[in-house]
Amino acid sequence: QVQLVESGGGLVQPGGSLRLSCSASGSAFNTYTMSWFRQAPGKERELVAAITSAGGSTNYADSMKGRFTIFRDNAKNTVYLQMNSLKPEDTAVYYCNARRIWVGINYEYWGQGTQVTVSS
């Protein structure tokens, strides 16, 4: 079992930056692929970025490439999302996700989400 708690959301002006954090409790954090998703009002949840268990590989949605950076600190059981050059269309609830396949079983956990609002 993994519990995920996001923090760092808030109100920011267009062009500004925020860093989201997702702290994980439970065991074996370093075996999970970690991802950030977001969901805007009236829209489906979408993948923002993902990072492999050891941090060796990352993946981004096209609209976030060059602006967002996902990274993790396995010693602190934390994954981060650095968001720069924010736009009003980045406004959404951002969710942390952990997943792994272990002995043929898929394990997946979600955080409760943190609101990011980009507005002047």
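**Reading contacts in a predicted model**

Tutor: At a relative accessibility of 29%, Phe71 counts as partly exposed. The category covers the range between buried (under 20% relative accessible area) and exposed (over 50%), using a 1.4 Å probe and protein chains only.

Student: On what basis are such values given?

Tutor: The model is predicted: local features need pLDDT of at least 70, side-chain atom pairs count only at pLDDT 80 or more, and totals for chains, interfaces and linings use all residues. Residues are numbered from 1 along each chain as its sequence is written, and side-chain values use heavy atoms, with hydrogens and water left out.

Student: How many aromatic pairs are there?

Tutor: Rings of Phe, Tyr and Trp (its six-membered ring) pair if their centres lie within 6.5 Å; planes under 30 degrees apart are stacked, over 60 edge-to-face, and the rest tilted. The count here is three aromatic pairs. One of them is the stacked pair of Phe71 and Tyr80, with 4.9 Å from centre to centre and 20 degrees between the planes. Tyr80 has 15% relative accessibility and therefore counts as buried, whereas Phe71 is partly exposed.

Student: Over which rings does the charged end of Arg100 sit?

Tutor: A charge sits over a ring if NZ of Lys or CZ of Arg is within 6 Å of the ring centre and within 35 degrees of the ring normal. For Arg100, one such ring belongs to Trp102, whose centre is 4.7 Å away. The ring of Tyr107 also lies under the charged end of Arg100, at 5.5 Å from the ring centre.

Student: Which residues does the disulfide join?

Tutor: A disulfide is a pair of cysteine sulfur atoms within 2.5 Å. The structure holds one, and it joins Cys22 to Cys96 with an S to S distance of 2.1 Å. Cys22 lies in strand 3 (residues 18-26) and Cys96 in strand 9, so the bond ties together parts that are 74 residues apart in sequence. The strands are DSSP runs of E (at least two residues), as helices are runs of H or I (at least four), numbered from the N terminus. The torsion about the S-S bond is about -85 degrees, so this disulfide is left-handed. Both Cys22 and Cys96 are buried.

Student: What surrounds Asn97?

Tutor: Asn97 is found in strand 9, which spans residues 92-102, and its relative accessible area is 0%, so Asn97 is buried. A contact means heavy atoms within 4.5 Å. Setting aside residues up to four places away in sequence, Asn97 touches Leu4, Thr33, Met34, Ser35, Phe37, Glu108, Tyr109 and Trp110. With Glu108 the side chain of Asn97 makes a side-chain polar contact of 2.9 Å. A polar contact is a pair of N or O atoms within 3.5 Å; within protein, one must be able to donate a hydrogen and the other to accept it, and residues adjacent in sequence count only if both atoms are side-chain atoms.

Student: How many salt bridges are counted, and which residues form the network?

Tutor: Side chains of opposite charge can pair when their charged atoms come close. A salt bridge needs a side-chain nitrogen of Lys or Arg within 4 Å of a carboxyl oxygen of Asp or Glu. By this rule there are four salt bridges, and the network links Arg38, Glu46, Arg67 and Asp90.

Student: How is the network put together?

Tutor: The side chains of Glu46 and Arg38 meet at 2.7 Å, N to O. Glu46 is partly exposed at 34% relative accessibility, whereas Arg38 is buried at 7%. Arg38 also forms a salt bridge with Asp90, the closest N and O atoms being 2.9 Å apart. This pair links distant parts of the chain, 52 residues apart: Arg38 is in strand 4 (residues 33-39), and Asp90 is in the loop between strand 8 (78-83) and strand 9.

Student: Where does Arg67 lie?

Tutor: Arg67 forms a salt bridge with Asp90, with 2.7 Å between the closest N and O atoms. Arg67 lies in the loop between strand 6 (58-60) and strand 7 (68-73), and Asp90 in the loop between strand 8 and strand 9, so the pair ties together parts that are 23 residues apart in sequence. Asp90 is buried, with a relative accessible area of 0%, and Arg67 is buried with 11%.
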